[in-house]
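Here is a short briefing to read with the model open beside you. Take the topics in any order you like.

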There are 2 protein chains.
Amino acid sequence: MPVTIADVARAAGVSKTTVSRVLNTRAEVDRSTAERVRDVIDRLGYVPSSGAVGLARGQSRTVGMLVPSLTWPWMGEVMQGVVDTVEAAGFGLLLFTCNRGADSVERFTSQVSARAFDGLLVVEPENTLDMLTALHRKGLPVVLIDDRGHHPEFPYVTATNRDGGAEAARHLLAAGRHRPLVLTGPARFGCVRDRHAGFRDAYAEAGHPLGPGQVVESDFTEAHGRAVVGERLAAGREFDAVFAHNDLGAVGAMAAVHAAGLRVPQDVAVVGFDDIPMAALTRPPLTTVRQPMRRMGETAAGLLLARLTGEALPASPVVLPTSLVARGSTPGP
Amino acid sequence: MPVTIADVARAAGVSKTTVSRVLNTRAEVDRSTAERVRDVIDRLGYVPSSGAVGLARGQSRTVGMLVPSLTWPWMGEVMQGVVDTVEAAGFGLLLFTCNRGADSVERFTSQVSARAFDGLLVVEPENTLDMLTALHRKGLPVVLIDDRGHHPEFPYVTATNRDGGAEAARHLLAAGRHRPLVLTGPARFGCVRDRHAGFRDAYAEAGHPLGPGQVVESDFTEAHGRAVVGERLAAGREFDAVFAHNDLGAVGAMAAVHAAGLRVPQDVAVVGFDDIPMAALTRPPLTTVRQPMRRMGETAAGLLLARLTGEALPASPVVLPTSLVARGSTPGP
DNA sequence: CTGAAAGCGCTTACAG
DNA sequence: CTGAAAGCGCTTACAG
């Protein structure tokens, strides 16, 4: 019932070949013929079936996106950047989150074999790097967003985590805070190691090297950040600042400081990482190292699309700059 | 290069028809033949091309999802519910956000004509109801999530907005707050009218009818909520509570109360609506009327999938219950 | 139980 | 500049 290329051809008195040619604006069509065909297309409201085009051309003009979760606080920004870019290029975006065990991972890889999409954008779910590498080796174009420090063999977009950590340190040092407590993320993440290295080195260079008791591995949750800082406070405060490797952890830290009857930033200054939407709305607003999440999404999508339309991809990763956003959780100048 | 059904047929010494039959588990295949074919499929790692299957069957086993924005604080939960449900059913999810003007709306509708998906889930972007209604009339199955009170002619999933408003009122009344300030959302939204009706009636029934000065139309932003409450406070406080129609507005209200040197909840109690992830993390944590966003997403997806697999859809909308989550921004019992 | 053939709606050499 | 025909990888009557 929907109108097909055959209907258009019949109505315009030409062959399907010709219709296809004006559809794809191949040059070798008589101007008046083309115009007539275009009129019919408009009149009939014809739109080529994407499935048929894909089958005939061997490509789907669709990109896949795999994410570990859609509810993480910064995921919306990444997604928005990706969708905007993919849509503007006239591609479709197929969304996957294989977060229900091995079963769903398998289902996902079978979608790949089904050639449902031409390329893949991914925020890496845990333990999927091997699978992704295998897909890439089999010829699927893949671009990673935030490599988690795994440095895969395919292109990725990340942020200057080391610089970000260093900037957080310099900001706290400038405020005269010499005894920070660092709440890292899981140590297996490269971004965590980078953030910490930047922070630690900056403190060392300033003549205030971090002692072993000043660094605690956390898990990126608000609850754990709160628990750790709460315990440290109860055991007797020996720090004048907290640097958390993500904003949620920083929010937990602030809650613990307040719960202990202390003030942010006067007694304990707090710096987070990410600049999630909530960061500007906490009390006090959270000073944080901003990652340009939306731009990271746009950039990754742009790389993948370029690859799909024939361009070669940059051999080296794309590293976008972080920036410190100073707010009320650290002392003003 | 990828393995096709013809490869499998050849290797198994049968026709493509037979392979297709075991693939789709039609009964009329000899058991031993079927087993042999299955072995070959496994050995070759064959997966049917989704595009080809779709073309032959006239359906894509993909559902589309249209949203106004991916960065709204509750969108992640809705999306997660949708994706989980759609994935579990073995369908693909194609994501659209036509938020770049009429141009992108047109691009979206053309995707529909291209039969890229079999059904559509939508959180309605502004001014798209007519377009959606037209698509539905042309035969596209559509399910709306949160009807915004438009009561469209196709199925939708929403929450008990009126009850939610009433529950907020009863909660504040129980705390002895008789002079609330109401910060509504845009009046054109049906959910806003419902929330307000429930709240207003409950106050009236309790003998404390709302005066005209106690209701202000806001726009669901934190900034406007803060501005309105700030002005009211500066003009002389004549309210002991704020009911905001969304959590972001409530967060703004709390900020304004604190900025005025007053306390939440002692001087001004605050109740929000939605229960976004941030609500539990504010200082004090925000009392709010919870909408089961993830379940709304799951439910809508389930309805659409049922429809696509042949079941009839319920004529009446599905209305999920809201629930009041009491936290620190209102006085305890 | 099994297969040859037509068809889904396009694109693309190949001829003219 | 234009078209007939083959092909993309499946499914599905239709025969046997």
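Predicted model: local features only at pLDDT ≥ 70, side-chain atom pairs only at ≥ 80, totals over all residues.

**Around Arg195(B)**

- Arg195(B) belongs to helix H9 of chain B, which runs over residues 190-205.
- Leaving aside residues up to four places away in sequence, Arg195(B) touches Asn161(B), Gly164(B), Gly165(B), His245(B) and Phe273(B).
- Val142(B) is 53 residues from Arg195(B) along the chain, and 25 Å lie between their C-alpha atoms.

**How the two chains pair**

- Chain B is superposed on chain A by a rotation of 180° with 0.0 Å of shift along the axis, and the RMSD is 0.0 Å.
- The two copies are therefore related as by a two-fold rotation axis.
- Within chain B, Leu94(B) has the C-alpha nearest the axis, at 2.3 Å from it.
- Both copies use the same surface, since 100% of the contact residues of chain B recur in chain A.
- The contact brings 44 residues of chain B together with 44 residues of chain A.
- On the chain B side, the elements giving two or more residues are H4, helix H5 (75-88), strand E2 (92-96), helix H6 (101-113) and helix H11 (247-259).
- H5(B) makes the largest contribution to that side, with 7 residues.
- By class, the side of chain B that touches chain A holds 21 nonpolar, 17 polar and 6 charged residues.

**Around the DNA strands**

- H4(B) gives the largest share of the surface near DNA strand D, 5 residues.
- That surface near DNA strand D is made up of 11 nonpolar, 9 polar and 5 charged residues.
- DNA strand C also has 25 residues around it, and the nearest are Ile5(A), Ser20(A), Ala56(A), Ser15(B) and Asp30(B).
- For DNA strand C, H2 and H4 of chain A and H2 and H4 of chain B each provide at least two residues of the nearby surface.
- Here H4(A) gives the largest share, 5 residues.
- The surface near DNA strand C contains 11 nonpolar, 9 polar and 5 charged residues.

- In chain A, helix H12 covers residues 293-308; its 16 residues reach 23 Å from first C-alpha to last, close to the expected 22 Å.
- Is H12(A) mostly covered or mostly open? Of its 16 residues, 12 are buried, which leaves H12(A) mostly covered.
- The buried residues of H12(A) include Met293(A), Arg294(A), Glu298(A), Thr299(A) and Leu305(A).
- Strand E1 (62-66), helix H5 (75-88), strand E3 (119-122), strand E4 (142-145), strand E5 (156-159) and strand E11 (318-320) of chain A are among what covers them.
- Just past H12(A), Gly310(A) has a positive phi of about 105°.
- In chain B, the end C-alpha atoms of helix H12 (residues 293-308) are 23 Å apart, in agreement with the 22 Å that 16 residues should span at 1.5 Å a residue.
- Among the buried residues of H12(B) are Met293(B), Arg294(B), Glu298(B) and Leu305(B).
- The buried residues of H12(B) pack against E1, H5, E3, E4, E5 and E11 of chain B.
- After H12(B) comes Gly310(B), with a positive phi near 100°.

**Domains of chain A**

- The domain assignment divides chain A into domain 1 (5-48), domain 2 (62-158 + 293-321) and domain 3 (161-290).
- Taken over C-alpha atoms, the centres of domain 2 and domain 3 of chain A are 30 Å apart.
- Their contact draws 7 residues from domain 2 of chain A and 10 residues from domain 3 of chain A.
- On the domain 2 side, the contact residues are 2 nonpolar, 2 polar and 3 charged.

Methods:
Residues numbered from 1 in each chain as written. Chains lettered and ligands numbered in written order. Helix = DSSP H or I, 4+ residues; strand = E, 2+ residues; numbered from the N terminus. Nonpolar A, V, L, I, M, F, W, Y, C, P; charged D, E, K, R; others polar. Near = placed C-beta within 6 Å. Expected span 1.5 Å × (residues − 1). Buried ≥ 20, exposed ≤ 12 C-beta atoms within 10 Å, placed from the backbone. Contact = placed C-beta atoms within 7 Å. Least-squares fit on C-alpha atoms with pLDDT ≥ 70 in both. Domains from an automatic or database assignment.
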